Amino acid sequence: MALKSFVFMVVSLVITIKTFHISALGACPKCGNMEVPYPFSTDDTCGDSRVLAFQSAEGFGYKVLSIDLAAQKLIIKPPDLVQDDDMCRTTDFSSEGLRLDENLPFNVSTRNTVILLNCSDNLLRSPLNCSSNSLCRVFEDKMLEGRNNACKSRLCCHYLKDSHMTSHMIRVRVGGCTAYTSVVDIQPQDPADKWNYGIELQWMPPN
């Protein structure tokens with residue numbers, strides 16, 4: 001029986017997710033110079049790999065930074081901080097952050113350290129690290145210097161995404177936190193500008 005998967009179709013050089021049958025798959029051409037493994041597929045119009053994007057369940061596109069076929073993982077670029085002195089938010093705020101389609105085989109891996117910015121006091125009752133020694137303060141001091149003042153000197157938190165948390169979402173919202181970034185396999189001893197910023201996703205192979 002054919003198993004449902006999905007195909008990245010290039011539209012205006014941005015690849016969006018579509019459903020297809022595994023049994024119909026053939027060899028996929030490269031997208032630019034990037035190998036395109038399962039669960040991705042391309043057609044002949046695939047263009048510049050620099051604009052290869054992963055689309056969330058809410059329709060927000062995240063740039064794909066790398067794909068590791070052997071590990072069945074990919075890394076997408078975290079959303080940008082909006083340059084606005086009046087409100088601290090990320091560009092996917094209207095989508096309430098990253099939300100993956102639970103009908104697709106992707107999930108957020110446990111190697112992501114999520115840094116939350118501009119959080120409400122409600123987060124103080126959570127198990128997240130919102131203390132003065134949180135890694136979010138390191139990020140704030142180094143990476144927000146001279147920019148986006150609305151995100152600075154507010155309550156911030158960080159957490160390591162683990163198996164007990166939902167693996168399909170990094171949420172931002174009013175009443176929680178309104179901005180975030182993510183670091184893959186964080187090395188806290190390194191300067192914040194040397195961290196590996198990204199959101200690592202993993203996928204399950206077809207049965």
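User: Which residues have the most contacts inside the largest nonpolar core?
Analyst: In this predicted model, they are Ile76, Leu98, Tyr180 and Leu201, in a core of 29 residues. A nonpolar core here is a set of buried Ala, Val, Leu, Ile, Met, Phe, Trp, Tyr and Cys residues joined through side-chain atoms within 4.5 Å, where buried means under 20% relative accessible area with a 1.4 Å probe, protein chains only.

User: Which strands each supply at least two residues of this core?
Analyst: They are β4, β5, β7 (106–108), β8 (112–119), β9 (157–160), β11 (177–184) and β12, strands being DSSP runs of E with at least two residues, numbered from the N terminus.

User: What does β5 pair with?
Analyst: Strand β5 (residues 73–76) pairs in the antiparallel sense with β4 (residues 61–68) over 4 bridges, and 4 bridges also join β5 to the antiparallel β12 (residues 199–203); pairing requires at least two DSSP bridges between two strands.

User: Where is confidence lowest, and where highest?
Analyst: It is lowest in β1 (residues 4–11), at a mean pLDDT of 32, and highest in β11, at 97, pLDDT being the predictor's confidence in each residue, from 0 to 100. The mean for the protein chain is 80.

Notes
Residues numbered from 1 in each chain as written. Predicted model: local features only at pLDDT ≥ 70, side-chain atom pairs only at ≥ 80, totals over all residues. Heavy atoms only, no water. Buried < 20%, exposed > 50% of the residue type's maximum accessible area, 1.4 Å probe, protein only.
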